[in-house]
Amino acid sequence: MRLAVGVAERGHSARDVGRVDMQHTYGIFETEADHLIELVRRHAPFAQIRAAGCPVCAAAISVTFAADGRGFTTACEGTPLHISTYQDIAEPPSWWRECVVEPTDLTWYWREWHSFDVTGKLTMKVSGWQADDIRWSGQLECAPDDPDYAFWKWVLLQSGCTSDLIDETEVAELRARFAQAAR
Ligand SMILES: [Zn+2]
């Protein structure tokens, strides 16, 4: 599991004039959650997946499907939370529509603020704004053996993407283009 750490701050709003600096820490599953991902792929009942629990902290597991049903992520409800990378799926389970979450939380990637180190590892600044009015920033760390590495390398070096900030909608479009390019 990789640990991503970001410092978040509560944004100013009419009812909240204070400022709270806080630390957000979350873990990204590498192989620990493969059995949960496999349960989704084998169309196990959602209750079974939820009850299986986070392999790191034992909190309940949630599954979030993309609006087109072609991919999903799993995450736990722990503090800090643990999440999987995005998984493509050809045939979603019957319950997938119940797991589509309206994108009220916004995440964007700072395309120009990225670097590859000598081992090839990619680091890119990421910011977000959650529905509960918390802004956060952190960084994407992606090593060459990461399942998402080929995608991000393609985005940065080959896709022709010129957005300064890549938001989730554009990420979804880029993933679709990447899947076609890889064929
Ligand atoms: Zn967890």
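**Notebook: a look through one chain**

I began with burial: buried residues make up 19% of the 183 residues in the chain. A residue is buried if 20 or more other C-beta atoms lie within 10 Å of its own, exposed if 12 or fewer, and partly exposed in between, with C-beta atoms placed from the backbone. This is a predicted model: local features need pLDDT of at least 70, side-chain atom pairs count only at pLDDT 80 or more, and totals for chains, interfaces and linings use all residues. Residues are numbered from 1 along each chain as its sequence is written.

**Entry: overall layout**

I listed the elements next. The chain has four helices and ten strands. Helices (H or I, at least four residues) and strands (E, at least two) are DSSP runs, numbered from the N terminus. Along the sequence I read the pattern β-β-α-α-β-β-β-β-β-β-β-α-β-α.

Then I turned to contacts. Two residues are in contact if their C-beta atoms, placed from the backbone, lie within 7 Å. Of the contacts with a separation of 6 or more, 47% are between residues 24 or more positions apart.

**Entry: the cores**

I looked up the nonpolar cores. A nonpolar core is a set of buried Ala, Val, Leu, Ile, Met, Phe, Trp, Tyr and Cys residues joined through C-beta atoms within 7 Å. The largest one has 17 residues. Leu36, Val40, Ile49, Ile61, Val63, Phe65 and Phe72 touch the most other members. H1, E3 and strand E4 (71-76) each supply at least two residues of this core. Which element gives the largest share? H1 does, with four residues.

I followed one member further. Phe65 touches Phe72, Pro92, Trp96, Cys99 and Val100, not counting residues up to four places away in sequence. There is also a second, separate core of nine residues. Among them are Leu122, Met124, Trp152 and Val155. I noted a background point: in soluble globular proteins, nonpolar side chains tend to be buried together.

**Entry: strand E7 and its partners**

I checked pairing here. Two strands pair if DSSP finds at least two bridges between them. Strand E7 (residues 106-116) pairs with strand E8 (residues 122-129) in the antiparallel sense, over seven bridges. Leu106 stands opposite Trp129 in E8. The hairpin of E7 and E8 has five residues between the strands, and Gly120 there takes a positive phi near 95°.

E7 also pairs with strand E10 (residues 165-167), again antiparallel. That pairing has three bridges. Tyr109 stands opposite Ile166 in E10.

**Entry: Thr123**

I picked a residue in strand E8, Thr123. Is Thr123 buried or partly exposed? Thr123 counts as partly exposed because it has 14 C-beta neighbours inside 10 Å. Leaving aside neighbours within four places in sequence, Thr123 is in contact with His114, Ser115, Gln139 and Glu141. I also looked up a C-alpha distance. Thr123 and Trp113 are ten residues apart along the chain, and their C-alpha atoms are separated by 8.4 Å.

**Entry: two positive phi values in loops**

Phi of His43 is near 60°. His43 lies in the loop between helix H1 (34-41) and helix H2 (46-52). It has 14 C-beta neighbours inside 10 Å, so His43 counts as partly exposed.

Ala58 has a phi near 70°, also positive in a residue other than glycine. I found Ala58 in the loop between H2 and strand E3 (61-65). Why does Ala58 count as exposed? Ala58 counts as exposed because 11 C-beta neighbours lie inside 10 Å.
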